[in-house]
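Thanks for coming. Please have the sequence and the model open.

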Amino acid sequence: MELSQEDMKNMSPEQLKELQKKNCIFCHIVSGAVASKKMFEDNELLGILDINPANPGHVLLMPKEHHMVMPQMPDPDINHMFMVAKGISNAVLKGLKAKGTNLFIANGALAGQKSPHFMMHVIPRMEGDGLNVFMLKRTQPRDLEKLQKTLEPKLYGLMGKQPPEHVDSETGSMPPVKVEPEAPEAVEPETEAESEAGEAEESEAEEPDKPSLSDIAAQASILAGGPQPEDDEDEEEDSEEDEDEESEEESEEDEEQEAEEADEEDEGEKDKDTEDEDEESEEQSEEPEDDDTVSLDDITGVLR
């Protein structure tokens, strides 16, 4: 049963997706209904050899879930697809001794997409293989700037980010930065008691401390050249300390003097004792000794 354009317009997105899967040759390859030469397979992706290769070893890497174009692919599946494509590229370079690879995505009919199933092409490149890459056209810097201003906000907007600021090539200056004025802070009205208390605190802060009579007297004494009361007390304390020190020194000197006099008296008595002993010894030496010996005169006198 063929469906008309009107029938397709009245279908829900889920119904359209199921219809596309039924008519998609690559969904039949994924399900196994159509035979293929598998190079890689996991739960999300399938890699097969292209039956119409640009070069030998041309691999088609596709999601198992039906997605027509790349924007319909979930981000985790895109990340996984590129990781697998990196492995296939390395395998082709080593296994086939290729000199390079092209990773190609045809996203939309005008970009060369021929199948309603999104896929990535991994094409080995050899020297002199005759394949032509895109013929690039030179673009003027001003045109590039226009493209940048058009595309960059769209890209960052889709990613939920703020685009960076750039220097203008003509003026050499950064674009003006828009600064939003800050909203004034809400001030709650004060009660009468709070306002009176605040006025009292302000008046206390404004009024300086009144000097006391003692402070006035001290300042007058300083201006007159007289000593301050505190200085007099300090001087009296210092003089008392000096007197105590002098009395202590005098008492120490008296004690030393008395000790010296006592030593001199002891030495004088010792000297007197030694003089007396010397005189006695001299007197003893001057007195004749009582000698019991008999002289010759005595003997002759007796004989006569």
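**A leucine on helix α5**

I start with L151, which sits in helix α5, residues 141–159. Helices here are DSSP runs of H or I with at least four residues, strands are runs of E with at least two, and both are numbered from the N terminus. Before going further, the ground rules: this is a predicted model, in which local features need pLDDT of at least 70 and side-chain atom pairs count only at pLDDT 80 or more, while totals for chains, interfaces and linings use all residues. Residues are numbered from 1 along each chain as its sequence is written, and side-chain values use heavy atoms, with hydrogens and water left out.

Back to the leucine. L151 has 54% relative accessibility and therefore counts as exposed. The classes are buried for under 20% relative accessible area, exposed for over 50%, and partly exposed in between, with a 1.4 Å probe and protein chains only. Together with L144 and L147, L151 makes a nonpolar surface patch of about 300 Å². For patches, residues need over 30% relative accessible area and no salt bridge; like charges are joined within 9 Å, and nonpolar side chains (Val, Leu, Ile, Met, Phe, Trp, Tyr) within 5 Å. The areas come from the Shrake-Rupley method with a 1.4 Å probe, and for residues only the protein chains shown count as cover.

**The chain as a whole**

Now the overall numbers. The chain has 9 helices and 5 strands. Read from the N terminus, the order is α-α-α-β-β-β-α-β-β-α-α-α-α-α. Of its 304 residues, 15% count as buried. The chain exposes about 25700 Å², with carbon and sulfur atoms supplying 51% of that area. Taking contacts as heavy atoms within 4.5 Å, residues 24 or more positions apart account for 48% of the contacts with a separation of 6 or more.

Next, the strands. β1 and β2 form a hairpin with 3 residues between them. The two run antiparallel, and 3 bridges join β1 to β2, residues 45–49. Pairing of two strands requires that DSSP finds at least two bridges between them. How much of β2 is buried? Of its 5 residues, 4 are buried, so the strand is mostly covered by the under-20% rule.

**Salt bridges**

In general, side chains of opposite charge can pair when their charged atoms come close. E41 pairs with K38, the closest N and O atoms being 3.2 Å apart. E41 also pairs with K64, at 2.9 Å from N to O. E41 lies in strand β1 (residues 38–41) and K64 in the loop between β3 (59–63) and α4 (75–95), so this pair ties together parts that are 23 residues apart in sequence. As for cover, E41 is partly exposed at 39%, K38 is partly exposed at 46%, and K64 is partly exposed at 25%.

Another bridge joins D129 and R125, with 2.7 Å from N to O. D129 counts as partly exposed at 22% relative accessibility, whereas R125 is buried at 16%.

**Cysteines**

Last item. How many disulfides does the structure hold? The number is 0, with a disulfide taken as a pair of cysteine sulfur atoms within 2.5 Å. Such a link is a covalent bond between the sulfur atoms of two cysteines. From the side of C27, the closest cysteine sulfur is that of C24. C24 is buried, with 0% relative accessibility, and C27 is buried as well, with 11%.

That is what I have.

Methods: Salt bridge = Lys/Arg side-chain N within 4 Å of Asp/Glu carboxyl O.
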